[in-house]
Amino acid sequence: MWTLAELQIYTIVISGDPMEIFDLHENFGAVISGVKLKDINDTRVSELRPLLIEKGFLLFREQCLDDHDIVKIGQAFGNGALEPSARKVSHGRQIRDVVYLSNLRYSDGEYMGFPGNTTDFWHSDQEFRENPAILASIYCVLPSPEGGETSFASTDVQKLNVATGDLQKIKGKWSTRVPAKSHDNVPKVEVAHPAILTNPISGKDYVYVSENLVRYIDIEESESHRLKATFMEAILAGNNVYSHQWQPGDYALYDNGQVIHRREAFEGPRLLKASKIYADPSFFAVPDGYVVKELEDL
Ligand SMILES: [Fe+2]
């Protein structure tokens, strides 16, 4: 785990308002200051997009955003479309595509969002969809007083301590996922995606794997399990994980094709707002997949 105190400024970009860029972690991520996302425009996006492609995770502090801003920012960085939440309870009441992650309740007693507060599985957002929105954002309105970090880990093969032979075994293969029981707003299907994603701009390879991966297609079952465990162990090595402690106004934008993440357990009230952003495949590795089979139940 790393803290912001360990970070160093490594470059300054001047275009309009000065923007400073800090390393978040030695393997991935950057912290951007001097950018007011509420005023996002094409020039800013064209400056920041290469950084997102290079770093996989961008953090902006002290933002002041409403749901309309969250939609606008997501549309600007993606292809213009957002994907609805996998859980009906997460839909914002005003704008459905802004996903509420919260144990707070409206005055009528209904949860404002998905109230889960236990440690989550390591996952890529929307990985159980046939054509996932590969970019995602999280905006912090109210951090939990205890716990509730979101931990991220890079899937960059160049940063992982895995045997070349194991990578070769999944090169060109496909792996499958299924929705979780709480995903009541998605088709109940087993879907397949490429096992390795290659960013079209950088040419870098990333292992598309998570705890939710069911199997590699055309690889024998025990070997499939071994490969999944091997990649997950390498990705979750201590020096490859960054746990983000939320502060009000934090806006994180990340590429699910470059990092996996999970919610850490928490106590007390919390409100985060998320969006799932369809990406332009000319900039990001979009894991377009196919349905392997329909599922009777989850
Ligand atoms: Fe997530």
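## Strands S11 and S20 and their sheet

Strand S11 (residues 189-194) runs antiparallel to S20, and four bridges join the two. Here strands (E, at least two residues) and helices (H or I, at least four) are DSSP runs, numbered from the N terminus, and two strands pair if DSSP finds at least two bridges between them. Val189 has Glu294 as its bridge partner in S20. Both strands belong to an open sheet of four strands in the order S14-S10-S11-S20, with antiparallel pairing. Strand S14 (215-216) and strand S20 (290-294) are its edge strands, each pairing on one side only.

A word on the model itself: it is predicted, so local features need pLDDT of at least 70 and side-chain atom pairs count only at pLDDT 80 or more, while totals for chains, interfaces and linings use all residues. Residues are numbered from 1 along each chain as its sequence is written, and side-chain values use heavy atoms, with hydrogens and water left out.

## The sheet S15-S9-S17

Another open sheet has three strands in the order S15-S9-S17, again with antiparallel pairing. At its edges stand strand S15 (241-244) and strand S17 (259-263); each has a single partner strand, so one side of each is left without a neighbour in the sheet. On average, neighbouring strands here are turned by 20° against each other, direction ignored; the axes are lines fitted to C-alpha atoms (for helices over the stretch in contact), and angles run from 0 to 180 degrees between N-to-C directions.

Strand S9 (residues 150-154) pairs with S17 in the antiparallel sense over five bridges. Within this pairing, Ser154 stands opposite Val259 in S17.

## The iron site

Which residues hold the iron ion? His123 (NE2), Asp125 (OD) and His261 (NE2) coordinate the iron ion at 2.1 to 2.2 Å. Donors are N, O and S atoms within 2.8 Å of the metal (3.2 Å for Na, K and Ca); water is not among the atoms, so sites may look incomplete. Along the chain, the donors of the iron ion follow the spacing H-x1-D-x135-H.

The two histidines bring together distant parts of the chain: His123 sits in the loop between strand S6 (99-102) and strand S7 (135-142), and His261 lies in strand S17, 138 residues apart. His123 is buried at 13% relative accessible area, and His261 is buried too, at 4% (buried means under 20% relative accessible area, exposed over 50%, partly exposed in between, with a 1.4 Å probe and protein chains only).

## Strand S4 and its two partners

Strand S3 (residues 30-33) pairs with S4 in the parallel sense over three bridges, and Ala30 has Leu58 as its bridge partner in S4. Between S3 and S4 the chain passes through helix H1 (residues 42-55), making a right-handed β-α-β crossover; right-handed means that, with the strands pointing away from the viewer, the path from the first strand over the helix to the second runs clockwise. S4 also pairs with strand S16 (residues 251-255), this time in the antiparallel sense over four bridges, and there Leu58 has Leu253 as its bridge partner.

## The largest nonpolar core

The largest nonpolar core has 36 residues, of which Ile32, Leu37, Leu48, Leu58, Phe60 and Tyr251 touch the most other members. Such a core is a set of buried Ala, Val, Leu, Ile, Met, Phe, Trp, Tyr and Cys residues joined through side-chain atoms within 4.5 Å. Elements that each supply at least two of its residues include S3, H1, S4, helix H2 (67-77) and S16. H1 gives the largest share, five residues.

## Salt bridges

How many salt bridges does the whole structure hold? The search finds 19, a salt bridge being a side-chain nitrogen of Lys or Arg within 4 Å of a carboxyl oxygen of Asp or Glu. Glu127 and Arg177 form one of them, with their closest N and O atoms 2.4 Å apart. Glu127 lies in the loop between S6 and S7 and Arg177 in strand S10 (residues 174-177), so the pair ties together parts 50 residues apart in sequence. Both Glu127 and Arg177 are buried.

Lys169 and Glu223 form a salt bridge with closest N and O atoms 2.9 Å apart. Lys169 is in helix H3 (residues 164-170) and Glu223 in helix H4 (residues 221-235), so this pair ties together parts 54 residues apart in sequence. Together with Asp166 and Arg226, Lys169 and Glu223 are linked in a network of salt bridges.
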